[in-house]
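Here is a short briefing on one protein model. Please keep the sequence and the structure in view while reading.

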Amino acid sequence: MATPRIYITRPLPAPAMKLLEGAAEFRQWDREAEPVPRDVLLREIVDVDGIVCLITEKMDAEVIERARRCRVIAQVAVGYDNIDVDAATRRGILVTNTPGVLTETTADMAWAILMATARRVVEGDKFTRSGRWKTWELMGFTGQDIYGATLGIVGLGRIGAAIARRSAGFKMPLLYHNRRRAEALEQELGAAYRPLDDLLRESDFVVLATALTPETRHLIGERELGLMKPTAVLVNISRGPVIDQRALYRALVDRKIWAAGLDVFETEPVPMDDPLLRLDNVVIPPHLGSASIATRTKMATMAVENCLAGVTGRIPPNLVNPGAMESR
Ligand code: GLV
């Protein structure tokens, strides 16, 4: 069998690159902090057997059509809404992701954002650095209590459940909303199922941990924000478009809700003229959910393993579209 050829859309950590030695020929976009330009991507993928890509690449029908020899697209992320999976499936291209390995790291980040937002950590840090800290003020930078508050999780999948497990130490009543009831988790976590509207009405903290699908796009809009408590904090660890951010801006300005922590944004990178950037009661890390050194390294090695399996005719461990095998 000829040596398979792979295109990799970003530098990967050394353990992932090592897996390629002797196993495949590869070309790679070599800039860490800049995504591969569309025209380069379209050119590079024409003759490869497999592609390793990040969420920054729009793997749409055009890319998929151009990748004439491609057998597998291996995404370095658990979410894959940037890939037109139906187009890939029709062409018999396997699509893979990196589930499981990032669950705990992402749950940690949801909590980091929740606490930073509730207790105004980022705002306070900016204040200290600005030299405006003149005295200890009794009510200065006061926030919302976490201990004993009600936590509502939208999307009780792997990450949602890991976020929920961490709440035990804070003695938080736990609510969840999910497409399907998760009875086993209800037992394990002591979580109570709620229709979305009820969860929004009752929760002090609402954490979005759902995948982005046509059903969840703008799941949280003006009406839903209007149901939340004026003291509530909204945290998004899933994908930006799950929230209608124009409606969120209005809700924050009008004090319909208290604050928001957004690890993900409707448009990434965040446009510098986005009005949410002007608000102090919003925390916006640059999509860092899975960003620990160990986890990002594991994600990259997993994606390379998936890709090597796909280009050598094996079934990749993390295949998301088994239907593609029937289209071959
Ligand atoms: C990151 O956002 C991921 O989906 O893994």
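Leucine 174 has alanine 191 in strand E8 as its bridge partner. E7 and E8 run parallel and pair over three bridges. Strands pair here if DSSP finds at least two bridges between them. Helices (H or I, at least four residues) and strands (E, at least two) are DSSP runs, numbered from the N terminus.

This is a predicted model: local features need pLDDT of at least 70, side-chain atom pairs count only at pLDDT 80 or more, and totals for chains, interfaces and linings use all residues. Residues are numbered from 1 along each chain as its sequence is written, and side-chain values use heavy atoms, with hydrogens and water left out.

**Around strand E7**

- Strand E6 (residues 151-154) also pairs with E7, in the parallel sense, over four bridges.
- Opposite histidine 177 in E7 stands valine 154.
- E6, H7 and E7 make a right-handed β-α-β unit. Right-handed means that, with the strands pointing away from the viewer, the path from the first strand over the helix to the second runs clockwise.
- A right-handed β-α-β unit is also made by E7, helix H8 (residues 183-189) and E8.
- Leu174 and Tyr176 point one way from E7, Leu175 and His177 the other way, and all are buried. Buried means under 20% relative accessible area, exposed over 50%, and partly exposed in between (1.4 Å probe, protein chains only).

**The five-stranded sheet**

- Five strands form an open sheet with parallel pairing, in the order E2-E1-E3-E4-E5.
- Strand E2 (25-28) and strand E5 (94-96) are at the edges; each has a single partner strand, so one side of each lacks a neighbour in the sheet.
- On average, neighbouring strands of this sheet are turned by 15° against each other, direction ignored. Axes are lines fitted to C-alpha atoms, for helices over the stretch in contact, and angles run from 0 to 180 degrees between N-to-C directions.
- Strand E3 (residues 50-53) and strand E4 (residues 72-75) run parallel and are joined by four bridges.
- Glycine 50 has valine 72 in E4 as its bridge partner.
- Helix H12 (residues 293-311) packs on the sheet and touches strand E1 (5-8), E3, E4 and E5. The direction of H12 makes about 175° with that of E4. Contact means heavy atoms within 4.5 Å.

**Aromatic pairs**

- The whole structure holds three aromatic pairs. Rings of Phe, Tyr and Trp (its six-membered ring) pair if their centres lie within 6.5 Å; planes under 30 degrees apart count as stacked, over 60 as edge-to-face and the rest as tilted.
- Tryptophan 111 and phenylalanine 170 are stacked, at 5.1 Å centre to centre with 10° between the planes.
- Tryptophan 111 lies in helix H5 (residues 103-118) and phenylalanine 170 in the loop between helix H7 (158-166) and strand E7 (174-177), so this pair ties together parts 59 residues apart in sequence.
- Tryptophan 111 is buried at 4% relative accessibility, whereas phenylalanine 170 is partly exposed at 23%.
- Tyrosine 176 and tyrosine 193 have ring centres 5.5 Å apart and planes at 75°, so the pair is edge-to-face.
- Tyrosine 176 lies in strand E7 and tyrosine 193 in strand E8 (residues 191-193), so the pair ties together parts 17 residues apart in sequence.
- Tyrosine 176 is buried, at 1%; tyrosine 193 is partly exposed, at 24%.

**Backbone exceptions**

- Most residues other than glycine have a negative phi, and most peptide bonds are trans.
- Glutamate 268 and proline 269 are joined by a cis peptide bond, with omega about -5°. Proline 269 lies in the loop between strand E11 (259-262) and strand E12 (282-283).
- Arginine 120 has a positive phi, near 55°. Arginine 120 lies in the loop between H5 and helix H6 (121-130) and is partly exposed, at 23%.
- Lysine 171 has a positive phi of about 50°. Lysine 171 lies in the loop between H7 and E7 and is exposed, at 57%.

**Alanine 118**

- Alanine 118 belongs to helix H5 and is buried, with a relative accessible area of 0%.
- Leaving aside neighbours within four places in sequence, alanine 118 is in contact with Gly143, Gln144, Ile146, Phe205, Val233 and Trp258.
- The C-alpha atoms of alanine 118 and asparagine 281 are separated by 9.1 Å, and the two residues are 163 residues apart along the chain.
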